[in-house]
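Dear colleague,

I am passing on the structure below, together with some notes on what was found in it. Please read them with the model open beside you.

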Amino acid sequence: MRVLPLPESGLDDPALDDFVRLTDVALRRRLEPAGGLYLAESTKVIARALAAGHVPRAVLTRAEWLPQLEPLLEQYPDVPVHVGEDDVLTRLTGFHLHRGALASMHRPPLPSVETVLADARRVVVLEDVVDHTNVGAIFRSVAALDADAVLVTPRCADPLYRRSVRVSMGAVLQVPWTRLPEWREAGPLLAAAGFRIAALALSDDATDLDDLAADPPERLALVLGTEGDGLSRAALRNADLVVRIPMAHGVDSLNVAAAAAVALWATRVR
């Protein structure tokens, strides 16, 4: 492990570019997808990323976390581990690094849709869900409720955004996922793989989730839409059926992450 103490000043070293001004959304968008990087926060998430075969590029941490990091990074002796005090780390990143460590990781190439669907029986499709917290929470439910994969549309939030990874407790690094093309191609891809497409939406002719759960198909894709607007017309046109979760006390719907968890539990493979 190549430990490099951070200087009290001079934090403009290009070697620290992966960690600079992480609250600047424009910089992060330029850094992560274009540069092929994502950020894993906490030793637990870093461990899950490494277990998934992802390769670290650099690490930022406090000295007290070095004993936990050392066995994790044993196979990567040339990866720089930048060590500093809290105030220096905060000045560098723009936030308080209270989960021990932050690692910049090389993004693995996304698998094809066909590969992700090959052995799957339950998948979640996220159409244009833009809130990173919701995306992370849905991945955590997918992992916890033993679904097989997540498919995200072109305009859906990045599952490997730091907040998504953190909220998912690293589940985005365990659950197979990839990006779908637009619906004119995505619908036929799901159908060709034998999936029945169930769109969760508020509709007068929607089937109750209880009915779907009573006789679920062998292969099921649950489609959830963006916060507020819900599913697009294209998503609804490609669905085999529309499903709603029965509500009480005048509540019309659940948060998208809560709805995903309820639908996954109800239709789980038994």
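A nonpolar patch on the surface is formed by Met-247, Val-251, Leu-254 and Val-262, which together have about 270 Å² of accessible area (Shrake-Rupley method, 1.4 Å probe, with only the protein chains shown counted as cover for residues). Patch residues have over 30% relative accessible area and no salt bridge, with like charges joined within 9 Å and nonpolar side chains (Val, Leu, Ile, Met, Phe, Trp, Tyr) within 5 Å; a salt bridge is a side-chain nitrogen of Lys or Arg within 4 Å of a carboxyl oxygen of Asp or Glu.

This is a predicted model, in which local features need pLDDT of at least 70 and side-chain atom pairs count only at pLDDT 80 or more, while totals for chains, interfaces and linings use all residues. Residues are numbered from 1 along each chain as its sequence is written, and side-chain values use heavy atoms, leaving out hydrogens and water.

Val-251 lies in the loop between strand 12 (241-244) and helix 11 (256-266), where helices (H or I, at least four residues) and strands (E, at least two) are DSSP runs numbered from the N terminus. Val-251 has a relative accessible area of 43% and is therefore partly exposed, that is, between buried (under 20%) and exposed (over 50%), with a 1.4 Å probe and protein chains only.

At the start of helix 11, a side-chain oxygen of Asn-255 comes to within 2.8 Å of the backbone nitrogen of Ala-257. Buried residues in helix 11 include Val-256, Ala-260 and Leu-264.

Just after helix 6, Asp-146 has a positive phi of about 65°.

Best regards

Note on methods. Polar contact = N/O pair within 3.5 Å; in protein donor to acceptor, adjacent residues only side chain to side chain.
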